[in-house]
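Subject: Structure handover

Hello,

I am passing on the structure below, with notes on what turned up in it. Please read them with the structure open.

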Amino acid sequence: MTSFYAAAPEGQAGPMSAEDLLAAVAEGRYPRNVPVWWPDAPDWVPLDTHPELSLRLEQAAPAPPPGTAEMPVPAAMPAPAPAREGVSDDELDRGFAALVKESWKHHNLVQDTTRVDDVLLGALITAGLDNGHVLIDLTSDGTNHFLRFEDPADRSRLTMAITHLTRSVTQARTIGQRASLVVGYGEPIKSFGKVLSAMRQEAKSGYLKRAEPGIVSFDADSASQYLYAQVDLYLDLDKYIDAELTPDYHALDRDVAATMHALRKFLHGRISD
Amino acid sequence: MGILNIAGNFKHKAEIRESKDEILVGEIVRTMARQGFVADEFAADDEIQRVRFRSRTDDVLSYVHVALDRKTGGGRISGAIIGSKATLSIAGEVKNLLSDPDDVLKMWKADFKNIAKLGLRGNVKVNHELNSVIGKTTDLVTIEDFILKGDEGTGALTAHLADRIGRVREEVRQFKKPVS
């Protein structure tokens, strides 16, 4: 049974059954148009507009009892204010519409600024799939995004960690849209000894803590037994995504392919040592 | 991003079998891109994957929201017995530049007509949030019908998405206000 709440003149009341609510109206404790709410209702609504209860209200009490305090209803809508002298109604309406449109433009600018990294993510997925990969991991909290692809033909994997760096309009307009991107290229390694051997140099040095562009390092995913070569990059997103948020899939594809090619060479070089 | 941290951000799925929902999301993103919808919002974790797409050319819909909720069949045994099922929800959103209280009342009445609808298997349930009206439909799908099947899977996915987006578009078309 649905429970109702009423915003009665003396304060909010409820929960109560539909019968109790209708009885309260019949007894004159609540006006017929008392605002009511029930779970799942989008908002408070006047009781006498509720499709079911309004009918029961009519049947139970066709006319309001004398003396019932109804919600005040204006006798008539006030006449519209006259247009400004020398300016027609149409011109005022057009002026208001232009203000609303202009406001949407500013609103969309802010929205687009914060969403450009998501557009990049979608474009990377599209470009990856067009290259024969399948997406096997996707994690995103809105700012930090992680992708992993696999090529079903040779089981090589491509990972990407993307972080949007310019989330405000001021930042984006000052230096352009930027994101950090860590790209990894991995292959399955059967011998974990080989993985340890490949990573020995990193483990011995302080090299691991520096994440600057162009530093290629190696990382092992022991759960899936993959060895990755990875590199930190910074992307100029304006190069790949235009002001209308339309991605340039070809440019993205070309740069991802170049990075993957380089990392594959590094990985093969390290494994063969 | 510190070096050696990147692998820790993934779920370490050892086989493609464990990633079917992600594979499907990837295919959806690419299929939608081919239809002129650009992905512009992602929220993805172990439980559910949501992607919002925008269109600048659709005459009714401003956004399409796709949510994939993996239900069953992720493991080797359950996958073998019952297959990989997921609920795939598709919602089309009309965004009006201007709304007023009369709109809200009109839309609330529409919502009430829809209150008993579940929006399943192609039926569309309409809801609203001030200047947005959203028509949504949900299907229980078999993921293998759409992935790792080459053109056949891509064709089936394209047809499914086109059909469901078409249905929600027609259901919410009445709420689209002309741009003055």
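Please keep in mind that this is a predicted model.

Four strands of chain A make an open sheet in the order 2-1-3-4, and the pairing is antiparallel. The edges are strand 2 (11-16) and strand 4 (45-46) of chain A, each of which pairs on one side only. Strand 1 (residues 4-8) of chain A is joined to strand 2 of chain A by four bridges, and the two run antiparallel. Within that pair, Phe4(A) has Met16(A) in strand 2 of chain A as its bridge partner. Helix 1 (residues 18-26) of chain A packs on this sheet and touches strand 1, strand 2 and strand 3 (35-37) of chain A. The direction of helix 1 of chain A makes about 25 degrees with that of strand 1 of chain A.

Helix 3 of chain A

Helix 3 (residues 89-130) of chain A has a kink of about 45 degrees, centred on Arg115(A). Just after helix 3 of chain A comes Gly132(A), with a positive phi of about 90 degrees.

Strands 8, 9 and 10 of chain A

Strand 10 (residues 226-236) of chain A pairs with strand 8 (residues 178-188) of chain A in the antiparallel sense, through eleven bridges. In strand 10 of chain A, Gln230(A) stands opposite Ser217(A). Strands 9 and 10 of chain A form a hairpin with four residues between them. In the turn, Gln225(A) has a positive phi of about 60 degrees.

Helices 1 and 4 of chain B

In chain B, helix 1 (residues 20-34) packs against helix 4 (residues 151-172) at an angle of about 65 degrees, the axes being 10 Å apart. Angles of 65 to 115 degrees count as roughly perpendicular, so helix 1 and helix 4 of chain B are described that way. Their crossing is right-handed. On the helix 1 side of chain B the residues are Glu27(B), Ile28(B), Thr31(B) and Met32(B), and they meet Thr154(B), Leu157(B), Thr158(B) and Leu161(B) in helix 4 of chain B. The residues of this contact comprise four nonpolar, three polar and one charged.

Regards

Methods. Residues are numbered from 1 along each chain as its sequence is written. Chains are lettered from A and ligands numbered from 1 in the order in which they are written. This is a predicted model: local features need pLDDT of at least 70, side-chain atom pairs count only at pLDDT 80 or more; totals for chains, interfaces and linings use all residues. Two strands pair if DSSP finds at least two bridges between them. The bend at a residue is the angle between axes fitted to the seven residues ending there and the seven starting there. Axes are lines fitted to C-alpha atoms, for helices over the stretch in contact, and angles run from 0 to 180 degrees between N-to-C directions. Angles under 35 degrees count as roughly parallel, over 145 as roughly antiparallel, 65 to 115 as roughly perpendicular and the rest as oblique. A crossing is left-handed if the near helix is turned anticlockwise from the far one by less than a right angle, and right-handed if clockwise. Two residues are in contact if their C-beta atoms, placed from the backbone, lie within 7 Å. Ala, Val, Leu, Ile, Met, Phe, Trp, Tyr, Cys and Pro count as nonpolar, Asp, Glu, Lys and Arg as charged, and the others, Gly among them, as polar.
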